[in-house]
Amino acid sequence: MSLSMATPAFLIERNLDRCIHCQVCVRQCANEAHGYDHEEQRVYSDDMRCVNCHRCVVLCPTRALSVRQFPLEFRANANWTAEVIHNIYLQAATGGILLTGMGNDRPYPIYWDHMLINASQVTNPSIDPLREPMELKTFLGRKPEKIVIENGRLKEALPPQLELELPVMFSAMSFGSISLNAMKSLALAAEAEGTYYNTGEGGLHKDLYPLGHRTIVQVASGRFGVHPDYLAAGAAIEIKIGQGAKPGIGGHLPGEKVGREVSETRMIPEGTDALSPAPHHDIYSIEDLRQLIYSLKEATNYSKPVSVKIAAVHNVAAIASGIARAGADIIAIDGYRGGTGATPLRTRDHVGIPIEFALAAVDSRLRDEGIRNQVSLVVAGSIRHSADIVKAVALGADAVYIGSAALIALGCHMCQKCYTGKCNWGIATQDPNLTKRLNPEIGAKRAANLLKAWKHEIKEMLGGMGINALESLRGNRLMLRGIGLTDRELNILGIKAAGE
Amino acid sequence: MVGNDGWARPWELQGNHRREGSKRIPSGCAIAGMINRKGRTMSGVDAIQSIALMHDRSNGLGGGFAAYGIYPEFPEHYAFHLFFDDHKAREQTESFLNQHFNIELGGPIPTRKVVGISGAPLIWRYFAKPKLEQLRVAEMKEDDFVVNMVMFINERLDGAYVFSSGKNMGAFKGVGYPEDIGEFYRLDEYRGYIWTAHGRFPTNTPGWWGGAHPFTLLDLSVVHNGEISSYGANRRFLEMFGYRCTLQTDTEVMTYIFDLLLRRQGLPLETAVKAVAAPFWSTIARMPQAQREVLTAIRTVYSSLLVNGPFSIVLGSSQGIMALNDRVKLRPLVAATKGDLLYVASEESAIREICPKPERVWSPRGGEPVIGMLEDAMPKAVPAPPVTVCHL
Amino acid sequence: MRVTAREEYCAGCRLCEVYCAVSHSPYPADPVKAFRKSPHPPISRVLVEEQRPVSFALQCRHCTEAICVKACITGAMYRDPVTGAVRNQEERCVGCWTCILVCPFGAIRRDEQGKKVAAKCDLCAGAVEPACVKHCPNGALVVEGKGGGLKCM
């Protein structure tokens, strides 16, 4: 087939009055969208190759570049949109599954944006976090129903807990899907701000063992990189059942990304595809999960909390209840907007439910069953800013995981091409030419700054509500009001409408 | 709709449709409390006088008192005080009570006519003990059984509301200024070793008598000034332990928190206080290790019971009183002692009004409880004049 | 004091070269003019050496025992006794290229756009931070001898 229907997605606009032909853009584009014509002694662009990652735009010293949607239009059709048509062309040409990266980008309602936060007026003073103490400390792990004190001492020590200085952790992103420098950035930021990052299913690189106490080590269906030292190194262990970007399916790290370091860390041969099965083949039911939870607890002498991460699916409340009863100390729920390095487009965009509903349903169910305090609830799946966090905590979350937001702090521009391995920002790639573009000292500083900024904002909003400790917001749904929601939606979220 | 005499008064709207509980009601208030640590009793006049001085801190939409040691002739009986919307509700409730309790005595609580108090429901009182066979069937301890019964009546029996259920103690409350409420209930005729008092300034009230303070459960009573920003978090945690917060008031939540921690979980009072008004993490970090571990455990396990926002409360029990401020002291609270007497109040003047020369007066720090316990676990109450009761 | 490259973070973008050239041009604040106003692009005194994935920016090491100073036939090349920077006084330079011949790092370049002179890093004399360091997008260039470099948190 010689006929290709492919047309450019983006248009690179070069302001020739400003371009100095310095070739910075040429050197920085791993997709080779820019080139240098030696004969003409000038820089040129190839729109076909552009993924709109903005690397060239940001680095151009004369601001000569911009990128737009390619202005080519089909005859107006609200049903057969350009995207639908292009995807059919692509599949007709290749016969393959459509792949993409990051999270669901469809215009489904964003329920965070349909909730508003309360503030104090007159009857209750608001608190100024710059003058008064304001506490965000959060403990994740199983809480006993009560404590017993004998002779001024605890009769029994608490079960192991993760101690967070703010209710935000970096979500699971594996070494392989992201670069070691990206992992180092997150690990250092977690250390600096008193929180945790998560290895994902890619094992723990030897350079990161010194930060093991800030690491949640994941055990996923592929069991990559799982060995006694790995389990011992982490602060907590997370069993990954599913993730929001691809509920019900496994993972696939192509062999070209499995270089020496990834191969060593994952304990698989260099250059082989790393395939994670869709289910854990030793977990076909809830009692099997219980076995794995207790195997991991046994293996680590009950010294670390065990988390179970699932994707938010229709029956999430019942599943979460089962997980709590199976002995998990933390349940992590990833909503349908959760990001990833690579996922089938149709699964990403059409499977799962919003994290807001999943969280509300799970929190309510666990409370109805009187077991909410036995387990901590961590939610993920497109937490975009501090107000999302405040709303999540008010709905009932103990903490949130951030993935996309953390990567954006490191420089990600959401071009959704993680799966190509050509990330120009040095994040979702293993190409040594590209990974060195992310200096982990700078990355750590930026990720830590984001957490710092959010800490301040959360404190401002808490103070506004007249609350000086985050726990008083947890599950405090009276602090939320819905806007533009149906009765049914309000009911599921367990909140009143604005004005009520 | 029905007056205390049982006659219908259709112009005074009253009843379930105007009960509290459909909306959350924030309020500001005046509180006062006093205890004789030797267990000697005082008449209600002092309590009335003290709270009356803080007239401007309430707005006539609620006042009340709790008194301990007032029923020495029935020390082992649960003294149930109930509001009824009408006699039908009373009859229905009495048949329910008779089914589960042996009622020693029952009848209307004596009141007198007071200008400024109107729209009173039927106010009755019963001295009762649970029937043994009922306890056996329920497989419950006496106290748990009584709590369940109280919750059942308040939630399920239309037009009936138990507002006091302790032994040898009672709450007296209603809609009006507290001094008028005291007069109405003839509290000058009662003698108790502990009195707490409350004047309410709700920002929104249906004018229902049950909504006034104190709020009680068994012998625990709470008078409270403040608005709890953590209400939703506290309430949802308590609901996991079977509490039903039907009134949607902060005081109700506060009572249940102490009931859970003190009675059901058997925690010492100091520990319960640390859960409710927790020290800051920065303070905990400076403590010796053992203490730090205990406080960390309290804040970890009972994080949802931290009461956030401005409050001052007086918690009454048959063993003593405890006054407490929120941890940043956003509401007033003053304490004073003289001899065996401990006084607490929203304002110093309210104490000086009845105790002009206290030995010591201080303003407790946020989160630091003022505790006055009876020196003798079993108070030797001076016999009070017999209360007027009539047989069912 | 000198500028040192951290090879592991050099992205090979060569912005250091661009900004070095700009800052030594008649329009140090305007890259567009700096490049477009003269018939030849301005000369950078820093050069990125590259053999992918290895790349790093190289410039004068400002040697304590500077052989270029010793070799200079006119005495144009000198070492500033205060700052320790090795500089070329362009008005005395005759463009004989002896310094280029002897420099073991290849850090001196020929500037033949006007009068022939040897062009080399002068640590952006007078600037708080050399232009290459200031504009490196990845912290791959650090000033050494001033406790430079990014601090790890």
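Across the interface of chain B and chain A, 4 salt bridges turn up, a salt bridge being a side-chain nitrogen of Lys or Arg within 4 Å of a carboxyl oxygen of Asp or Glu. One of them pairs the side chains of B:Arg299 and A:Glu471, at 2.8 Å from N to O. This is a predicted model, in which local features need pLDDT of at least 70 and side-chain atom pairs count only at pLDDT 80 or more, while totals for chains, interfaces and linings use all residues. Residues are numbered from 1 along each chain as its sequence is written, chains are lettered from A in the order in which they are written, and side-chain values use heavy atoms, with hydrogens and water left out.

Polar contacts link 17 residue pairs between chain B and chain A, both residues at pLDDT 80 or more; the term covers a pair of N or O atoms within 3.5 Å where, within protein, one must be able to donate a hydrogen and the other to accept it, and residues adjacent in sequence count only if both atoms are side-chain atoms. On the side of chain B that touches chain A, helices H6 (231–239) and H10 (289–301) each supply at least two residues, and H10 of chain B gives the largest share, 9 residues. Helices here are DSSP runs (H or I, at least four residues), numbered from the N terminus. In total, 37 residues of chain B and 41 residues of chain A take part, with contact meaning heavy atoms within 4.5 Å. About 3400 Å² is buried between the two chains, 60% of it on carbon and sulfur atoms; this is the accessible area (1.4 Å probe) that two parts lose on being put together, summed over both.

Chains B and C have no contact, and their closest C-alpha atoms lie 23 Å apart.

Turning to chain A, A:Gly426 sits in the loop between helix H12 (404–410) and helix H13 (432–435). A:Gly426 is buried, at 0% relative accessible area, where buried means under 20%, exposed over 50% and partly exposed in between (1.4 Å probe, protein chains only). Leaving out residues up to four places away in sequence, A:Gly426 touches A:Ser179, A:Leu434, A:Thr435 and A:Leu438. A:Ser179 is 247 residues away along the chain, yet the two C-alpha atoms are 6.9 Å apart.
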